[in-house]
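Please keep the structure open while reading.

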Amino acid sequence: MAQGAGVYPPLEERPIKNTICLFDVDETLTPARRAASPAMLQTLSSLRHKCAIGSVGGSDFIKQQEQLGTPAIPVTSLFDFCFAENGLTAYRLGQLLVSTSFIGWLGEDRYKQIVNFCLRYISELDIPIKRGTFIEFRNGMINVSPIGRNASVEERLAFNAYDKQHQVREKFVEELRSRFSHFGLTFSIGGQISFDVFPTGWDKTYCLRHIKAEKDISGVDYTTIHFFGDKTHQGGNDYEIYVDDRTVGHAVDNPEDTIRQLKDLFGL
């Protein structure tokens, strides 16, 4: 269960004011699609007294709220910055910033071509089980799941193990890249059961424009941007921000490893 947000120094008065730590959500702050532990929330709270912190996930804002907040505690009170859909939906100190639309950028005709192909491909896919919600439309991207996002936790784990052996998502993504290479899209595998589709450049590095803009708002220039994520390999949805010249990337194995690295780095 999330703990209270507490009272934190203004961004310009943090002891390490020119540093911010950004975190992927699934398998970095929380087990995939599950809630953050009290130990994680306490660690983040302690860190926030030293420097700014932000979450950056590929999923929509509702999922961040479900995993990191509670009905009584908004996730925006637990982080200085909340970036959903890679930062296409962004909050700063609890206030919504301008959002950007995937469908507006791509256009309805091209969008339908991709959706129709994905549905045909999934219909012909022979995997152990299928559930529902194979394509989830989000503000800044679409999320495609061969098994379906309605799968239970146990079914997700089983599919993830099957996928590691048979490369279901990897082969699906290769086919999409081949057929829609002229659309200017990136196909990024993340989490246990799905992959994201979004315009090239709208990966997690998109959120960095909001971080850089802080200099013009509060005067804080974030010269050190730490990023923690688990899918940091090429093709993973943390890769681009992990290797970006503007960040210091940290690969983690799971939420417990994130806590360990934060304690080592910041003496928490």
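Helix H5 (residues 153-166) packs with helix H6 (residues 168-179) at an angle of about 60 degrees, and their axes lie 6 Å apart. H5 is therefore oblique to H6. The model is predicted.

**The contact of H5 with H6**

- H5 contributes Phe-159, Asn-160, Tyr-162, Asp-163 and His-166 to the contact.
- H6 contributes Val-168, Arg-169 and Lys-171.
- By class, the residues of this contact are three nonpolar, two polar and three charged.
- Two packed helices are described by the angle between their axes and the distance between the axes.

**The sheet**

- Four strands make up an open sheet, in the order E6-E7-E9-E8.
- Their pairing is antiparallel.
- Strand E6 (135-137) and strand E8 (185-190) are the edge strands. Each of them pairs on one side only.
- From one strand to the next, the twist averages 20 degrees.

**Pairing of E7 with E9**

- Strand E7 (residues 142-144) pairs with strand E9 (residues 194-199) in the antiparallel sense. Three bridges join the two strands.
- Which residue in E9 is the bridge partner of Val-144? The partner is Phe-195.

**H6 on the sheet**

- H6 also packs on the sheet, where the helix touches E7, E8 and E9.
- The direction of H6 makes about 180 degrees with that of E8.

Methods
Residues numbered from 1 in each chain as written. Predicted model: local features only at pLDDT ≥ 70, side-chain atom pairs only at ≥ 80, totals over all residues. Heavy atoms only, no water. Axes fitted to C-alpha atoms, helices over the stretch in contact; angles between N-to-C directions. Parallel < 35°, antiparallel > 145°, perpendicular 65-115°, else oblique. Contact = heavy atoms within 4.5 Å. Nonpolar A, V, L, I, M, F, W, Y, C, P; charged D, E, K, R; others polar. Pairing = 2+ DSSP bridges.
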